[in-house]
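The sequence and structure are shown first.

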Amino acid sequence: MKRILVLTSGGDSSGMNAYIKALAKMCKKNNIELLASLYGFQGLVENSITKINYDELGEIQNLGGSIIKTSRSKDFVTQEGFNKAVQNIKSHNLECTIIVGGNGSFNGARDLFNAGVNVIAIPGTIDNDLAYTDKTLGYDTACQNAIDAIVKIKQTMDACDRGTIVEVMGRHCSDIAVRSAILCDADLLITEKSIGKNKILKKVNDIIDAEKKNPLIVVQENILDIAELAKYLQDNTKKEFRATVIGYLQRGGEPTASDKLYAINLACETIKCVVASKLNIAIGQNNNNMIVKDIVQAVSMVKEPDYKLFDTYKQYTKK
Ligand code: F6P
């Protein structure tokens, strides 16, 4: 009987549980034993490994977070911790280790591969910042969560004729911000540090001069301090501004139908590869087809901004 191990690593994303459930189901169907490492790479260092039984999982596909927990392991990135992790993996006689996470976790997967461990990497992050795949698991849900929050914020800001600044997650990737800006009909989208306060003020004044009573500004995280920006705009226009960092609301909650289906497709592809002993790969999706990429190649690719999404923003939303 083949035995595989799964772990979730880094920031959790909605869809990780759906993937675990689908993986467990596919393991049961294919007579494969499924283990999990608790708290991601940390569980490998500490040999904190548990068995997963499909029949005990209940309805976890509907839950955000990760039932097998996640972490940004500090021990795994030390030589000593890494060696322990490799030793522990080898002691379990695994066909392969499945790493679900974002680009930091993919580096970990590549390092394990280089140390002789068979791996499969699954794109699980809200940020959509992995270049080899069109989408990451949890991105669609995070966008929906961001949009739901912005819709609510807009309603209360509209009632008071206030300007609204919202910051969305994405680490250094603009995709959540651009999607949210399009779908919430933002008046201004800020994804570059170089824009500068004066230019923002000029754009906002133009928007106010065009009789917009409640301008909406969407800002990508790690670009600027939106509380400071709200004060600056309020001090330099005749309009009140309020700032909201949407934050972790984006990461939790039930996955969208699209993410649930993606989780199932990722799990089916994973097991197909395990059965065929096609290992040391990253699985993803391009043009609606499941794809498999060599792990080293996948990690080396650099994510570009989503130019098509920016085009839609420019054509449809930009004032
Ligand atoms: O990578 C996912 C993410 O939610 C990013 O969007 C965000 O920058 C980061 O994680 C926050 O990480 P943490 O919860 O560890 O502070």
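## Domain interface

In this predicted model, 14 residues of domain 1 are in contact with 12 residues of domain 2, contact meaning heavy atoms within 4.5 Å. Domain 1 comprises 2-138 + 255-301 and domain 2 comprises 140-251; such bounds come from an automatic or database domain assignment. Taken over C-alpha atoms, the centres of domain 1 and domain 2 are separated by 34 Å.

The size of an interface is often given as the accessible area lost when the parts come together. Between domain 1 and domain 2, about 1,100 Å² is buried, with carbon and sulfur atoms giving 47%; buried area is the accessible area (1.4 Å probe) that two parts lose on being put together, summed over both. Of the area that domain 1 buries against domain 2, Ile 126, Asp 127 and Thr 256 supply 44%, more than any other three residues.

## Polar and charged pairs

Across the interface of domain 1 and domain 2 there are 2 salt bridges, each defined as a side-chain nitrogen of Lys or Arg within 4 Å of a carboxyl oxygen of Asp or Glu. A salt bridge also joins the side chains of Asp 12 and Arg 251, at 3.4 Å from N to O.

## Ligand site

Arg 72, Ile 126, Asp 127, Met 169, Gly 170, Arg 171, Glu 221, Tyr 248 and Arg 251 are the residues around the ligand, each with a heavy atom within 4 Å of it. Both domain 1 and domain 2 give residues to this shell, so the ligand lies between them. The shell divides into 3 nonpolar, 1 polar and 5 charged residues; Ala, Val, Leu, Ile, Met, Phe, Trp, Tyr, Cys and Pro count as nonpolar, Asp, Glu, Lys and Arg as charged, and the others, Gly among them, as polar.

A polar side-chain atom of Glu 221 is placed 2.6 Å from an oxygen atom of the ligand. For Tyr 248, a polar side-chain atom lies 2.9 Å from a ligand oxygen atom, and for Arg 251 the corresponding distance is 2.9 Å. Taken alone, the ligand exposes 400 Å², and the protein buries 75% of that; accessible areas come from the Shrake-Rupley method with a 1.4 Å probe.

## Basis of the values

Residues are numbered from 1 along each chain as its sequence is written, and side-chain values use heavy atoms, with hydrogens and water left out. Local features need pLDDT of at least 70 and side-chain atom pairs count only at pLDDT 80 or more, whereas totals for chains, interfaces and linings use all residues.

Notes:
Polar contact = N/O pair within 3.5 Å; in protein donor to acceptor, adjacent residues only side chain to side chain.
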